[in-house]
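Please open the structure in your viewer and keep the sequence panel beside it. The stops below say what to select next and what is there.

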Amino acid sequence: MGQNDEEWTELARQCQENGADALELNFSCPNMMEEGLGSDMGQVSALVERFTAAARRGTSIPILAKLTPNVASMSPAAEAALSGGADGFSAINTIKSLMAVNPDTYVSSPDVNGKSAVGGYSGNAVKPIALRFVAELGQNPKLRNMHLSGMGGVETWQDALEFMLLGAGSIQVTTAVMQYGYRIIEDLKSGLAYYLQTKGFKQVGDVVGLGLDSVSATTDVLERESIVYPKFDRKTCIGCGRCEISCMDGGHQAIRMDERRRPILDAKKCVGCHLCVLVCPTESIGSSGKRISKND
Ligand SMILES: Cc1cc2nc3c(=O)[nH]c(=O)nc-3n(C[C@H](O)[C@H](O)[C@H](O)COP(=O)(O)O)c2cc1C
């Protein structure tokens with residue numbers, strides 16, 4: 001990360017001279033000591049293009065632009081980096097956040113001698129947001145053939161695979177390593193290798209982007225003429241009533257408990273939202289039943 005054209009060029013030159021195989025340009029850190037750096041820069045496409053070009057002038061090794069998720073859409077910055085000469089992208093960096101507010105002192109966390117600051121949120125909680133941005137880049141036709149390095153909440157090989165299915169050709173892990181150590185990388189590799197072998201894929205690259213076709217940025221493509229009713233397993237159900245409460249207070253009042261505290265569904269009221277499936281602690285409610293036309 002440089003502060004002007006000359007610094008970006010010089011840093012790139014020095015990195016190559018000292019043996020780097022590739023560069024990641026930091027257009028995305030939200031924890032800067034001064035304004036106008038990190039994610040402030042990554043939010044302005046003209047600066048992303050200008051400083052990518054400056055780094056390009058200093059090196060011939062591959063350049064990845066690391067993009068900020070503190071934007072509505074990542075494509076403008078990605079396309080700008082492409083114009084500046086980047087070979088690919090890394091996404092996502094951390095998301096601007098405040099963790100909590102102390103009810104006694106009224107100071108937000110982390111409390112550093114009575115002051116706090118907006119900081120970057122990372123780890124498994126950000127994975128859905130990261131996947132959305134990775135899919136956006138993976139689907140952008142202008143970015144086809146660009147390398148995409150995915151990250152944001154990867155802890156397991158399944159997490160890594162999800163990023164790959166949405167277009168990531170490589171994976172990075174930060175928070176999970178801080179929590180569990182480098183040994184999780186071995187688990188990631190062996191889990192992924194097992195998956196590839198079981199499914200008959202020859203190499204990791206074979207799965208990259210396979211999940212992109214199903215993703216839409218808007219919900220208008222979703223079919224609304226049919227419904228999958230939840231299926232209750234009355235044997236494994238423990239009668240906790242969470243499905244009834246959720247449906248009553250947060251859904252469509254379609255579930256009531258019988259005298260043995262087992263759920264009964266009113267199919268006329270059920271809209272197939274599957275909130276009951278989500279809240280059931282014993283996985284006694286299935287969501288993979290037959291899709292039925294609403295008009296029947
Ligand atoms: C403690 C910490 C320090 C980080 N420092 C940097 C940094 O110097 N440059 C950068 O581009 N990203 C930095 N990141 C962002 C991570 O590389 C990564 O993009 C983000 O945390 C999401 O991945 P994760 O959920 O696996 O941590 C940092 C993240 C953490 C948690």
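In which sense, right-handed or left-handed, does helix 3 pass helix 4? Before answering, bear in mind that this is a predicted model. Select residues 45–58 for helix 3 and residues 75–84 for helix 4; the crossing of helix 3 with helix 4 is right-handed. The axes of these two helices are 7 Å apart and pack at an angle of about 30°, which makes helix 3 roughly parallel to helix 4, since angles under 35 degrees count as such.

To see the contact itself, show S45, A46, V48, E49, R50, T52, A53 and R56 on helix 3, which meet P76, A77, A80, A81, S83 and G84 on helix 4. By class, the residues of this contact are seven nonpolar, four polar and three charged.

Then move to the ligand, which has 17 residues around it, with N26, S122, M151, T174 and T175 coming nearest. The shell around the ligand holds six nonpolar, 10 polar and one charged residues.

Finally, colour the protein chain by its domain assignment, with 5–98 + 109–214 as domain 1 and 223–293 as domain 2; the C-alpha centres of domain 1 and domain 2 are 39 Å apart.

Conventions
Residues are numbered from 1 along each chain as its sequence is written. This is a predicted model: local features need pLDDT of at least 70, side-chain atom pairs count only at pLDDT 80 or more; totals for chains, interfaces and linings use all residues. Axes are lines fitted to C-alpha atoms, for helices over the stretch in contact, and angles run from 0 to 180 degrees between N-to-C directions. Helices (H or I, at least four residues) and strands (E, at least two) are DSSP runs, numbered from the N terminus. Angles under 35 degrees count as roughly parallel, over 145 as roughly antiparallel, 65 to 115 as roughly perpendicular and the rest as oblique. A crossing is left-handed if the near helix is turned anticlockwise from the far one by less than a right angle, and right-handed if clockwise. Two residues are in contact if their C-beta atoms, placed from the backbone, lie within 7 Å. Ala, Val, Leu, Ile, Met, Phe, Trp, Tyr, Cys and Pro count as nonpolar, Asp, Glu, Lys and Arg as charged, and the others, Gly among them, as polar. A residue is near a molecule or strand if its C-beta atom, placed from the backbone, lies within 6 Å of it. Domain bounds come from an automatic or database domain assignment.
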